[in-house]
Amino acid sequence: MKIRKSTQVAVGGLSSALCLLLMFMTGMIPFATFALPSLAGILLIVVVVENGIQTATLVYAAVSILSLFMCPDKEAAMMFIGFFGFYPIVKGKLDKIKWRPLQYLIKLAVFNVAIVCSYWVIINLFGLTEILEEMGTFGKYTLLVTLAMGNLVFLTFDFALSRITYAYVHVLRKRLFRRVQ
């Protein structure tokens, strides 16, 4: 299905606005540090499908920069910048790897590097050391257990992202753009 250029521009603009709205809401909902950045990233699926990877990357960059200034929860902003914003863009490329064990090994490596780097930035550049204090008295083992659980949640997120993409392309897209062609 081919859609007009004006519709593509509108999709990019609306996706950017909705992503920013979700990121702005992280300050109002205390437990949304991970949920809302992941929802904002899921919105980028529409941009990837309708406009391509280059436009999705521009939307990601714009939302990333603006969320650093506008988002009250800097940890949530870094989660979007460090992982949830770019992963839906690169997921399609990673899914093209034919050998499944290698595909999941690379996906897990991308996730772990992204999360470790994001938290390094949060702790060392933003100075949010209270995140380490929240880990409790188990010290380094808490970090390892948290990262292991994060890997399980990531695999679930990856599976859900695949299903959401399929549902958008095969069901929702036809309904949204049936009159706009």
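Reader: How many disulfides does a search of the whole structure find?
Author: The model is a predicted one. A disulfide requires a pair of cysteine sulfur atoms within 2.5 Å. Searching the whole structure on that basis gives a count of zero.

Reader: Is Cys-19 buried or exposed?
Author: The cut-off for buried is under 20% relative accessible area. Cys-19 has a relative accessible area of 0%, so Cys-19 is buried.

Reader: How many of the eleven residues of helix H4 are buried?
Author: Helix H4 covers residues 74-84 and is mostly covered. Its buried residues include Glu-75, Met-78, Ile-81 and Phe-84. The count of buried residues in H4 is ten.

Reader: Which residue caps the N-terminal end of H4?
Author: The cap involves the backbone nitrogen of Glu-75, and a side-chain oxygen lies 3.2 Å from that nitrogen. Glu-75 is itself among the buried residues of H4. The oxygen belongs to the capping residue, Asp-73.

Reader: What pattern does the protein chain follow along the sequence?
Author: The protein chain has eight helices and zero strands. Read along the sequence, the pattern is α-α-α-α-α-α-α-α.

Reader: What share of the contacts with a separation of 6 or more comes from residues 24 or more positions apart?
Author: The protein chain has 181 residues, of which 38% count as buried. Among its contacts with a separation of 6 or more, the share from residues 24 or more positions apart is 72%.

Conventions
Residues numbered from 1 in each chain as written. Predicted model: local features only at pLDDT ≥ 70, side-chain atom pairs only at ≥ 80, totals over all residues. Heavy atoms only, no water. Buried < 20%, exposed > 50% of the residue type's maximum accessible area, 1.4 Å probe, protein only. Helix = DSSP H or I, 4+ residues; strand = E, 2+ residues; numbered from the N terminus. Polar contact = N/O pair within 3.5 Å; in protein donor to acceptor, adjacent residues only side chain to side chain. Contact = heavy atoms within 4.5 Å.
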